[in-house]
Structure formats: structure tokens, C-alpha cells
Amino acid sequence: MNTNRALNVILGIYVALIFAFVFAPIIFSMIFSFNSQRFPTIPLGSFTTEWYAKILADPDVWEAALNSLIVSTCTALIATFLGFCTAYSDFRYNFRLKGPYLALILLPPTIPLIIMALAMLAWFSRIGMSGQLYSVIIAHSVLTAPFAMAVIRLRLNQMDPDLESAAWNLGGSEWQTMRHVIIPFCKPAIASALFLTAAVSFDEFAVSWFVSGLNKTLPVIILEIVQGNIDPQVNAIGTFVFLISMTLVVLAQIFFASRQLKSIRT
Amino acid sequence: MPFKPGRNVNLYALTWRLPIIFWQFVFFVGPVLFMVAMSFFLVKNYRMTEAFEFVNWSRMLSRGYFWDSYWYTVIIASVSTVCAMCIAFPAAFALAFRASESTRRWAIFLLIIPFFTSYLVRTFSWFVILSESGVVNAMLATIGLGPYTMLNTNFGTLVGYMTLTLPLVVILQTVTMANIDKTLVEAARNLGCSAFRTIWQVIIPLSKTGLIIAAIFCFILSFGDFVAPFYLGGSQEPTLPILILDTTKSGQQWPRAAVVAIMMMLTLFAIAFIGIALAYRKPKGAK
């Protein structure tokens, strides 16, 4: 029994080390963003907000932040709409070529972003849509729709399939049933999908870098600053980006988990 | 039309079915097919002209640097996959078998956060931490070691890959192992099977499918990432994603970059195909 307890302690420490490794870059980035030294190390220098003052005074950063906000909001709305449509089609209908149909939405995340970036850049240039903010939005909606689809599809799994037919038997049309039964049932998952797709879009840099042209988003600005030199401003922007995307992911998970509580009550 | 008549195909059904078909054909299938076509185009005076020539293919595939880069990328992505799978396994094992349901849920909740959180900034943070005068070397110096050069080495690249893949691999392994039938594990133990033999002959075979899928995702992510090899590995030996980047951004050689991209996709298809075939292969002796 003693060896068993010892093993549990060792495994516990091991798990803690893994978490330390995973969260170290996030935590250090936040610490260094308040550190006065240009080349941060231990012991730390004095506390400063110089780097924050610098990025707040930079109009490029403001513009990029605005672009990022627009892109991630629009992406979230489009991707969640596409994800909902597909999840519902998959839930409700059986049809031929359903495999390829689902592959169409689920494949993009399995293709490396650098390849999607090249393909999107070439295609958008060819059809005269490159270098615009909407190019980034379109590309991101392709990349993030599968996440929205997965989240909403899992929620639909928990719905009693008879619920829909019950609504029809009570005289509701398909459209009314959608509006009064299915959408309310999926609400938490829709919220979750919106936050998750916004987070992915907010952090995506490869495709944004290729197709955005002069309309840079925050990750693209970061990418340009870090080209080969240490600039503590990145820690300040990075901390800001971390806080936003972590908030979005946490919200997505809270809404995703809330569905379970709700379905127990109903 | 692929739809059978009389099978609930009406305006309502199409409203939900068509958006993704339209959207993905125009903005996903279109770009990918165009990239394939583009690999046969010609570049004259920095302008791309539509053609059907094999010159980009023959030029790229006959170059030594392409194949150097190709095998380097395959090998380092494989090493990354093996490392991630091995490093993650004890943690996933602990979370799946030794932790309570709620601890496991919290752990997964926490690991999902970094997976969706700015990989670029996390890599840059490692750049600072691992540098010659960085935190790791400062800590090692207090016990009289170092300084070690960790940036611009394969080690640096691998740290970046682990940052990208470890959260996902731990999550996938944990979920897979938490779902296997615990009575089988107990049975093996009660029949006198040692702990390591139980892991090797009971737990791993039972969670094979999930483990292989985790490995495939890990390989895809490492294989396609340009940030870790560029910033932490110093791109001394450029990986294929860096080759795409360089070829696209400098010199406007999009068709040649397309050749590299297609070679990457073919490699990933092959790996995914073999992996999935292995994952769903019935074990010997099973009915």
C-alpha cells in the first residue's frame, strides 16, 4: 500500500510539472511585461509599466486591435452559423454522400495552417479578394466552423429526437419548431461556439499574415515585432492577447458545461 | 443530384444543408484545388502565368535542399511525436486512473485553455526563457551549471513543438484511457499481472485507437508548424513550412511553394492513412 501511495505522489508531481511546462510561457510573459530589463532574467529588474505605455501610444497596435476585434467577431458569427446548419443537418437527416459532406466541414483543421495560408492567398488573389479584412474573415470562418459544428453537434446529441416530432404533432411547422424548440435548446452550445471560434480567430497568425495585406491583426503585428529580436513590448501585447483569448476559451467552456446542468433540470 | 427523391428534401432541409456546401466549395475546396493547379503554372518576370508545365515539380524534386529539408522535417516531427506521446503518457495515466472524476475534469478544462491560446506569444516567451541569459540558464547557474545554448538548436525546436502539442496529447490520451473498461484492468491486476505489464498488455492495446489518433494529430501539428523551428530552432536547417514561407514571401515563387505544400499534404495523407489503418486493425486472435 505504501508503494502505491508513493507512486501517487510521484505521479502527482509529474502532472504538476507538465502543467508548469504548459503554463510557464504564459506566466513568464505576464511577469516580464512588467519587468524593466530589456533582456529579462532572474533576478528581475524593477517594476515598470513602460512597455504598456509604449504599446498604448502606438497607433499601429490600436489599429491592429480594432482589426482583430472586427475579424474575430465576424468570424465567430459566420462560423457558428455554418456550424449550426451542418450540425443540425447531420443530426436530423440521413442522405447519400453524407461522409464527404461532413468531411467538407471537418477537414480544414487537419491541414497545416501554412498550407491553408498559401492556398487562400493564391485563390483570393486569383478571384480578386486578397488583402482585405473580409479575406481574413472568410478564411478564418473556414478554419473555425468545424469547432462550432463539433460543439453544437454534441449538444444536439443530448436532445431527445422525439422532442422535434412532438412539436410537429402539436401543430408546429418545421420552422416554428426550429425557432421555439431547437434553437432554445442549443443556446448554450451556440454561445460556447461563438466564444471558441472567436478565440481561435483572435489568435490565428499564419493565414492572417498571408491574406491580410496591410490590414494587420494583432498576431500579425506580434509576428512582425518578434522577427529576430527581443522586444519586451511583445510581452505587453502578449499579456493582453492572453487575457482576451483565455477569457473567451473559459467562457466557451463554461457555456459548454452549463448544458449538462441544464439538461438534468429539464 | 445526390439526394434520393421523396426523402425529406424541401426548402427547409436545403436551408440547413446548402450553406456549408457553398461556403466550403468556394473557400476551401477552391483554394486547395487552385493550389494544385498553380503548381503547374509558370513565373516569368515575377508574374505568374497560367500554364501546364512540370517545370516547378522537376525543379523542386531534383534539388538536394528540398529533400534535405523534407527528411529533416519528417524526422523532427516524428521525434516530436514520440517525445510528446511518452512525456504525456504518465500524466494521462495518472489523470485517467489515479485522479477523481472532478480532478480529471478540471485538468482537461485547464489544458484546453493553452491549446486555444496564442501559440505565437507562448513561443516568443520560450525564446526569452531559453536564451543564453534567460531564466533557465540563470537558475542553472545558481547550482553551478551552464550556460547552455538552447536556442537555435533542435532542442529549442522540440520545446516549441511540445508547447504546441502537449496539451492536446495529454487531453486525448486522458480521455481515451479514462473511457476503457476499468474491470479489465482490475482483472489483470487480480490475476497477478505486474503494473508495467498491465500497462503494456492491457491498457495500451485497449486505448490503441485513441493513442494513434493523438499521435497523428501531434505529427500533423509538428510537421506543419513554422514558428518553433523558425524562432527557437533558428531555421538553420529549414523545415518544409519555412521553405514554403521563404519561397512565397521572397521571390514570388508561389508555384514552387505549392509543390512543397502538395508534397506535405501527400505525406500527411499517407501517415494518417497508415495510422488509421493501424488504429482500426483488429488485434490478432480477435473475432
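Let's start with B:Met177, which sits in helix H7 of chain B, residues 154-178. This is a predicted model, so please keep that in mind throughout.

Is B:Met177 buried or exposed? It counts as buried, because it has 23 C-beta neighbours inside 10 Å, and the cut-off for buried is 20 or more. What does B:Met177 touch, beyond its neighbours within four places in sequence? The contacts are B:Ala92, B:Phe93, B:Ala96, B:Phe97, B:Ile203 and B:Ser207. Now look back along the chain to B:Thr163, 14 residues away in sequence. The two C-alpha atoms are 22 Å apart.

Next, helix H12 of chain B, residues 240-249. Eight of its ten residues are buried, so the rest of the structure largely encloses this helix. The buried ones are B:Leu240, B:Pro241, B:Ile242, B:Leu243, B:Ile244, B:Leu245, B:Thr247 and B:Thr248. What covers them? From chain B, the cover includes helices H3 (64-98), H10 (208-224), H11 (227-232) and H13 (254-279). Chain A also takes part, with its helix H5 (113-126).

Chain A has an enclosed helix to show as well. That is helix H10 of chain A, residues 218-225. Six of its eight residues are buried, so it too is largely enclosed by the rest of the structure. Those six are A:Leu218, A:Pro219, A:Val220, A:Ile221, A:Ile222 and A:Leu223.

Now the backbone. Most residues other than glycine have a negative phi. Here are two residues with a positive one. In chain A, A:Leu97 has a phi near 65 degrees. Where is A:Leu97? In the loop between helix H3 (59-92) and helix H4 (98-106) of chain A. A:Leu97 counts as exposed, because it has 11 C-beta neighbours inside 10 Å. In chain B, B:Asn152 has a positive phi of about 60 degrees and is not a glycine. B:Asn152 lies in the loop between helix H6 (135-142) and H7 of chain B. With 16 C-beta neighbours inside 10 Å, B:Asn152 counts as partly exposed.

Let's step back to chain B as a whole. Chain B has 13 helices and two strands. Its radius of gyration is 24 Å, well over the 19 Å that the globule rule gives for 287 residues, so chain B is more spread out than a compact globule. Along the principal axes, its C-alpha trace spans about 75 × 70 × 40 Å. Of the 287 residues, 40% count as buried. Take the contacts in chain B with a separation of 6 or more: 72% of them join residues 24 or more positions apart.

Last, confidence. The predictor gives the complex an ipTM of 0.91 and a pTM of 0.92. For chain B, the mean pLDDT is 89, and 95% of residues reach 70 or more. Which part falls below 50? Residues 1-6 of chain B do, and beyond near neighbours in sequence that stretch has six contacts in the model.

That's my tour. Questions, please.

Technical notes: Residues numbered from 1 in each chain as written. Chains lettered and ligands numbered in written order. Predicted model: local features only at pLDDT ≥ 70, side-chain atom pairs only at ≥ 80, totals over all residues. pLDDT = per-residue confidence, 0-100. Contact = placed C-beta atoms within 7 Å. Helix = DSSP H or I, 4+ residues; strand = E, 2+ residues; numbered from the N terminus. Rg over C-alpha atoms; globule rule 2.2 N^0.38 Å. Buried ≥ 20, exposed ≤ 12 C-beta atoms within 10 Å, placed from the backbone.
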